[in-house]
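Subject: Structure for your review

Dear colleague,

Please find below the structure that I am handing over to you. My notes on what was found in it follow directly after.

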Amino acid sequence: MELVGRAVDAAGVAIIVVGTLLATILAAIRLSRRQAGVYRGYRRRVGRSILLGLEFLVAGDIIRTVAVAPTYASVGVLP
């Protein structure tokens, strides 16, 4: 289960990095075409990437905390 938790964490980091890169590339393309609302769209896409990545990071933390060694102390530190 420790390996699963780390894999979920890695997926979360990858989602944030890839999502931010794709949002940046798309914003650069839209800027070169002089389209309106580039910043707002960029911010929305980066925010979505961060939120989805954080969901995976939290899931990985819960998996490692509860599923690996479920004790009262480890469960008590979860929000």
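Helices and strands here are DSSP runs (helices are H or I with at least four residues, strands are E with at least two), numbered from the N terminus. On that basis, the protein reads α-α-α along the sequence, with three helices and zero strands in total.

Please note that this is a predicted model, in which local features need pLDDT of at least 70 and side-chain atom pairs count only at pLDDT 80 or more, while totals for chains, interfaces and linings use all residues. Residues are numbered from 1 along each chain as its sequence is written, and side-chain values use heavy atoms, with hydrogens and water left out.

Burial

A residue is called buried under 20% relative accessible area, exposed over 50%, and partly exposed in between (1.4 Å probe, protein chains only). Of the 79 residues in the protein, 20% are buried. Valine 8, in helix α1, is one of the buried residues, with a relative accessible area of 17%. Its C-alpha lies 7.1 Å from that of alanine 59, although valine 8 and alanine 59 are 51 residues apart in sequence.

Salt bridges

The general principle is that side chains of opposite charge can pair when their charged atoms come close. A salt bridge is counted when a side-chain nitrogen of Lys or Arg is within 4 Å of a carboxyl oxygen of Asp or Glu. How many salt bridges does the structure hold? There are three salt bridges.

One of them joins the side chains of glutamate 2 and arginine 6, at 3.3 Å from N to O. These two residues are four apart in helix α1, so about one helical turn separates glutamate 2 from arginine 6. Glutamate 2 is partly exposed, at 32% relative accessible area, whereas arginine 6 is exposed, at 54%.

Another salt bridge pairs arginine 64 with aspartate 9, and the closest N and O atoms are 2.3 Å apart. Because arginine 64 belongs to helix α2 and aspartate 9 to helix α1, the pair ties together parts that are 55 residues apart in sequence. The side chains of aspartate 9 and arginine 64 are also joined by a polar contact of 2.3 Å. A polar contact is a pair of N or O atoms within 3.5 Å; within protein, one must be able to donate a hydrogen and the other to accept it, and residues adjacent in sequence count only if both atoms are side-chain atoms. Aspartate 9 lies in helix α1, which spans residues 2-32, and counts as buried at 16% relative accessibility. Arginine 64 is partly exposed, with a relative accessible area of 24%.

Arginine 64 also meets aspartate 61 in a salt bridge between their side chains (3.8 Å, N to O). Arginine 64 and aspartate 61 are three residues apart in helix α2, so about one helical turn lies between them. Aspartate 61 is partly exposed, at 35% relative accessible area. Through shared partners, salt bridges join Asp9, Asp61 and Arg64 into one network.

Surface patches

Patches are made of residues with over 30% relative accessible area and no salt bridge; like charges are joined within 9 Å, and nonpolar side chains (Val, Leu, Ile, Met, Phe, Trp, Tyr) within 5 Å. Accessible areas come from the Shrake-Rupley method with a 1.4 Å probe, and for residues only the protein chains shown count as cover. Lys and Arg count as positive and Asp and Glu as negative, while His and the chain ends are not counted. The place of a charge is taken as NZ of Lys, CZ of Arg, CG of Asp or CD of Glu.

Which residues gather in a patch of positive charge on the surface? They are Arg40, Arg43, Arg44 and Arg48. Arginine 44 lies in helix α2, residues 38-68, and is partly exposed, with a relative accessible area of 41%. Arginine 48 is also found in helix α2 and is exposed, at 57%.

Valine 18 is part of helix α1 and is partly exposed, with a relative accessible area of 45%.

Yours sincerely
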